[in-house]
Structure formats: C-alpha cells, structure tokens
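Student: Hi! Could we go through the ligand sites together?
Tutor: Happy to, let me bring up the model.
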Amino acid sequence: MSNGVVANGASADQTHTASQRYLSTRGEDSGFSFEEVVLKGLASDGGLYIPEAIPSAENWESWKDLSFTDLAFNIISLFVSPSEIPSEDLKDIINRSYATFRADEVTPLVNLQGDVHLLELFHGPTFAFKDVALQFLGNLFEYFLVRRNEGKTGRDRYHLTVVGATSGDTGSAAIYGLRGKKDVSVFMLHPKGRVSPVQEQQMTTVLDANVHNLAVTGNFDNCQDIVKALFADPEINSTHKLGAVNSINWARILAQTVYYFHAYFSLLRQQPSTFKLGDKVRFAVPSGNFGDILAGYFALRMGLPVDKLVIATNENDILDRFFKTGRYEKKPTYGSKAEGGLEQDGVKAHEDGVKETLSPAMDILVSSNFERLLWFLAYQFASSAGMDDEWNKKQAGQEVSSWLSDLKNKGGFGPVYKDVLEAARKNFESERVSDPETLDTIKALYKEVGYVLDPHTAVGVEAARRTQKRALAEEGAAKHIISLSTAHPAKFAGAVELALKEEPEFNFQENVLPPEFVGLDKKEKRVSDVANDWKAVRDVVRQQVEEEFKALGY
Ligand SMILES: Cc1ncc(COP(=O)(O)O)c(C=O)c1O
Ligand SMILES: N[C@@H](CCOP(=O)(O)O)C(=O)O
C-alpha cells in the first residue's frame with residue numbers, strides 16, 4: 001500500500017518499512033513499537049502515547065466502496081506494518097472483532113432530519129460506541145499474548161492485568177472484549193451508584209473468573225486517578241504487567257478513526273445530489289474523556305475532509321470552557337455575564353467538581369485524551385520557531401508536562417498562548433448542553449421524526465443543531481453534519497422515560513428495550529466494594545490475581 005507521511009518530520013520510507021514508532025506526550029519516553037504501546041497502555045512518565053508521525057491516507061478516495069472491515073484494515077495498516085502483524089493476521093483480528101455486531105454495516109449512518117445525520121455506533125455486544133474499539137483491542141491483546149507465550153507454562157507466561165476506570169460504558173465493553181480470554185485478568189473500577197442500572201448489571205453479571213468489578217466510593221475521576229496511580233507504581237506495574245483499556249490506550253483511538261471515514265463514505269452514497277467526494281463535513285461528538293473526538297482529529301489529519309469537529313459536553317464542561325476562555329481548569333472560575341464572565345444557566349462554579357447529569361458516562365472532570373491534542377498544538381506552536389524536529393518535539397513534551405503539572409498541583413492552567421487557542425479553534429468548536437436542554441432534545445426528535453435518542457447522543461444532536469443554525473446565519477448555508485450516536489437509549493431508561501413520559505404513544509418496553517436486556521436485573525452478580533484509595537485497590541488486585549492463578553494451578 002502506498003502511503004506517505006504528513007506530519008512531524010518522519011520520511012515516507014519509514015512508514016513502508018516499519019510500524020509507526022510512538023513517543024510520550026510528556027517527552028521522556030520514546031521509540032516504542034505498536035505492540036509495546038498497546039500492551040503498556042500508559043507511558044512510564046505518566047504521558048500518553050502518540051505516533052511520531054501521522055500518516056497521510058493518500059489514496060483515501062479509492063476506499064469509498066469498501067466494507068467496514070476492509071476500510072479498517074486499510075486505515076490500521078497505515079500505523080501497523082506487516083512486519084509487526086502480518087496482513088492476514090490483521091485481517092483476521094479485524095474480521096473477528098466486527099463479526100459480533102448486529103448491523104451489517106457495523107456503524108450505519110441514518111438521516112435524522114434535514115442535513116443532520118446520526119452515526120449509530122451502538123450495534124456491538126454492549127450497545128455503546130466503545131465496542132467498536134474494545135472488541136478489536138481484546139483480540140489484539142489475545143494475539144500478542146499467544147505470540148509471547150508460545151512454549152511457556154504457569155507463572156512464566158506473560159499475564160496481562162488490565163486495570164480500567166469506567167463511568168459505565170467502557171467497563172462492559174472491555175469486559176465483553178476480554179471475558180474468558182487466556183492470560184488476561186480484567187479489573188474494572190466504576191463509581192459506586194453513579195452508573196445507570198443497566199450499565200451496572202451489564203458489568204457485574206459477567207461471572208467469568210478473569211473478570212473483576214470494583215465499585216469505588218467516589219466519582220469517575222477518582223477511579224481514573226486510581227488507575228493512573230497503579231500505572232505509576234513501578235512495583236505492581238512490573239510484577240503484574242498492567243494493561244489499559246481506557247482511551248489512554250492508543251489502539252482505542254486508532255480503531256475509532258475508522259468510523260469517521262466510514263461515515264463520510266456512507267454520506268456520499270446517501271446524499272449523491274448534495275454531497276460529493278472531497279466536500280467537507282462536520283462531526284458533532286458527545287464528549288467526556290475526549291477519546292472519541294480525538295479519533296476524528298486523527299482522521300482529519302490523515303486527510304479526511306472535515307470542516308469542524310464539534311465538541312458537545314454536558315454540564316461537566318471543562319472542554320467547552322477551554323475553547324471559550326483558553327483556560328483548562330477543574331473548577332470554573334468565570335463570573336456572571338454581568339461581570340463579563342461566561343455564566344451559563346446560572347452555573348458559576350461547581351461545589352464538588354463533578355455534576356451528576358442525565359448523561360452520566362460524560363460526568364468527567366478532566367478529559368484524559370485532551371493531553372494528546374495539547375501535544376499536537378504545542379508541537380505546532382514550537383514548529384513556528386524554525387528549529388529542527390527533535391527540538392520541536394522536546395519543546396512540545398516540556399510544554400505538555402508543565403501544563404499537566406499545573407493541572408495536578410494548581411487545579412488548572414492557562415490561558416494558553418493565543419496562537420495555541422487559535423490553532424485549536426481552527427479544527428474544533430464547542431457547545432455545552434444542560435440537562436433540561438438534553439430532555440428537550442430527546443422530546444423534540446421523538447415528536448418531529450419518531451427517533452428515540454439516548455441522553456449522550458441528545459447532547460451531540462443539540463450541539464449539531466446549534467452549529468447548523470449558526471452556520472446558516474453566518475455563512476448563509478450549512479454543511480452536512482454527522483452527529484455520533486454513542487449509546488442505545490435502553491441503557492439510560494431513566495432519562496429517556498423522563499423525557500418521553502407525556503408522549504401518549506411512547507412505550508419503553510415495546511419501543512426501546514432490546515431482548516438482550518430483559519431479565520438482566522435478575523441475574524447473579526459479582527462485585528467488590530473498594531475505598532477511594534489506590535493502595536487498597538492494589539491489594540485487591542494482587543489478591544484476586546493470586547486466586548485466579550491458584551485456580552489455574554499456577
Ligand atoms: C455513551 C457515551 N457517550 C459519550 C462518551 C464520551 O466519549 P469520550 O470519553 O471518548 O469523549 C462516553 C464515554 O466515554 C459514553 O459512554
Ligand atoms: N465514558 C467512559 C469513561 C471512560 O472513558 P474512556 O473512553 O477513556 O475509556 C465510560 O463509559 O466508561
């Protein structure tokens with residue numbers, strides 16, 4: 001396959017002969033292979049792995065009629081050379097990963113209304129967009145482990161201990177992607193009582209011996225901090241070979257870039273008179289940890305014609321505040337409108353940080369993948385100084401480290417340089433959608449077109465509708481916009497029923513509930529309660545892995 005390189009100084013030849021090499025966003029760790037970054041998850045300096053170069057999908061137009069799996073193979077092959085995973089093996093991993101989806105197209109595009117389209121990402125085993133990447137990641141882990149463990153027995157085998165944090169959807173998708181797999185234990189931490197009942201049941205009713213659910217007394221950010229603290233502990237990290245399933249794992253982002261291309265080509269087929277190859281499209285993405293939309297940024301950088309990526313947040317709006325103010329802060333400090341600040345819906349400051357909203361999977365204080373975008377922005381800024389590429393990368397790593405250190409120690413950083421913010425605004429827009437607006441959107445779309453949105457998707461759709469209105473007013477015409485539908489409405493019955501309770505025709509059981517969810521609440525569960533304390537979690541991990549080993553006779 002012919003592909004070149006557009007960014008960060010690597011030559012085209014490098015991409016033909018080897019997989020991309022990876023470096024850490026904090027600048028201390030570099031030169032890793034795809035396999036190493038997939039298995040390590042988080043860099044040892046605490047940063048996230050990014051490819052040293054973003055390959056250009058030079059012949060992307062010729063992919064327009066490919067199936068989802070063939071498209072996935074072409075895109076992933078830009079990052080993984082056959083010397084690392086032979087093509088036939090990669091094809092097999094991809095085909096097995098999407099065979100479990102209920103929709104032939106894997107991620108079908110449907111027209112919602114006018115020029116607003118929905119990319120349905122919830123046709124995988126656990127009814128949320130996470131399945132697209134986590135079925136693939138589960139099979140990748142298995143592939144690498146089989147290869148590493150050839151001829152090894154007992155405790156000599158490479159045993160991966162996956163630790164992940166979830167606000168509800170990553171947990172079940174990771175568990176379904178890894179349940180029963182050899183040489184992997186999976187520990188999923190969720191905030192106790194803060195995920196939807198269906199999400200909780202999907203996770204805790206999986207009783208395979210390698211699956212461990214931990215309910216943490218705290219919020220999602222506490223779970224995410226515990227995971228990062230475990231990775232930062234050299235002892236458990238080396239004795240238990242920790243692995244990541246959150247979107248800190250590069251393979252998650254890579255797998256998600258596929259559906260941006262797929263959606264573009266679906267739009268081409270569905271709207272032949274108003275959308276031509278090469279036309280730009282917008283995407284609206286309900287955002288929390290910034291993994292889903294970051295995949296869109298990679299698709300854009302690879303050459304997909306994207307006009308804007310619209311970040312849609314709920315009232316946990318750190319991302320929206322960054323794009324409005326240039327400051328990235330855990331707690332908002334802006335004042336009321338009268339004081340020249342950005343008060344919205346009367347919210348000035350969050351008392352305890354996280355707000356509990358009707359879109360709980362996005363109830364996140366700090367978006368971990370934003371660090372990856374920050375690196376690219378800092379790199380672009382450094383590049384304007386006219387120094388060599390090594391210097392640019394070093395500068396970017398130092399800048400990101402300093403921002404992240406301020407975030408940790410002072411609760412935030414910024415405002416960032418004007419050029420950095422302007423570069424971010426070139427590709428991104430942001431919208432913040434409140435709970436009442438989320439309910440109104442679910443209601444409106446049901447009344448207008450009979451479609452039942454889940455509350456996260458509704459946040460994205462409201463942002464898409466606002467963007468379209470603004471484009472119409474400012475530019476006289478709106479482009480097609482694809483809003484990512486990130487979960488099935490049945491996962492969030494409470495919000496959906498609240499929005500539609502007055503609709504005479506609406507019946508949740510008949511219109512929404514899939515057969516897979518019936519009886520879930522009656523099944524046996526297994527879950528351990530743990531304190532919000534990384535050392536306590538470390539003890540539980542050690543003990544439960546030991547029990548698994550004993551049961552296996554190791
Ligand atoms: C249903 C749903 N929508 C949106 C999001 C936000 O996606 P991201 O964290 O990648 O920004 C999540 C969680 O990640 C989710 O579970
Ligand atoms: N919303 C997520 C939170 C974790 O995000 P991730 O994409 O980084 O795994 C969830 O549902 O668990």
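Tutor: One term to begin with: a residue is near a molecule if one of its heavy atoms lies within 4 Å of it. Also keep in mind that this is a predicted model.
Student: Okay, how many residues surround ligand 1, and which are the closest?
Tutor: There are 15 around ligand 1, and K130, D169, G288, N289 and T486 are the closest.
Student: What is the distance from the side chain of K130 to an oxygen atom of ligand 1?
Tutor: An N or O atom in the K130 side chain is 2.4 Å from that ligand oxygen. For D169, a polar side-chain atom lies 2.6 Å from an oxygen atom of ligand 1. T486 has a side-chain N or O atom 2.8 Å from a nitrogen atom of the ligand.
Student: And how much of ligand 1 does the protein cover?
Tutor: The protein covers 98% of the 380 Å² of accessible area that ligand 1 has on its own. Ligand 1 sits in the largest cavity.
Student: How does its shell divide?
Tutor: Around ligand 1 there are six nonpolar, six polar and three charged residues.
Student: Switching to ligand 2: which residues come nearest?
Tutor: T166, D169, T170, N246 and S247, out of 13 around ligand 2.
Student: Which polar side-chain atoms lie 2.7 Å from an oxygen atom of ligand 2?
Tutor: One belongs to T170, and another to N246. The side chain of S247 has an N or O atom 2.5 Å from a ligand 2 oxygen. Of the 330 Å² of accessible area that ligand 2 has on its own, the protein covers 95%.
Student: What about the shell there?
Tutor: Around ligand 2, three residues are nonpolar, seven polar and three charged.

Definitions and conventions. Residues are numbered from 1 along each chain as its sequence is written. Chains are lettered from A and ligands numbered from 1 in the order in which they are written. This is a predicted model: local features need pLDDT of at least 70, side-chain atom pairs count only at pLDDT 80 or more; totals for chains, interfaces and linings use all residues. Side-chain values use heavy atoms; hydrogens and water are left out. A polar contact is a pair of N or O atoms within 3.5 Å; within protein, one must be able to donate a hydrogen and the other to accept it, and residues adjacent in sequence count only if both atoms are side-chain atoms. Accessible areas come from the Shrake-Rupley method with a 1.4 Å probe; for residues, only the protein chains shown count as cover. On a 1 Å grid over the protein atoms alone, a cavity is a set of points where a 1.4 Å probe fits but cannot get out, and a pocket is an open set with protein on both sides within 12 Å along at least five of seven lines; lining residues have an atom within 4 Å of a point. A molecule sits in a cavity or pocket if more than half of its atoms lie within 2 Å of its grid points. Ala, Val, Leu, Ile, Met, Phe, Trp, Tyr, Cys and Pro count as nonpolar, Asp, Glu, Lys and Arg as charged, and the others, Gly among them, as polar.
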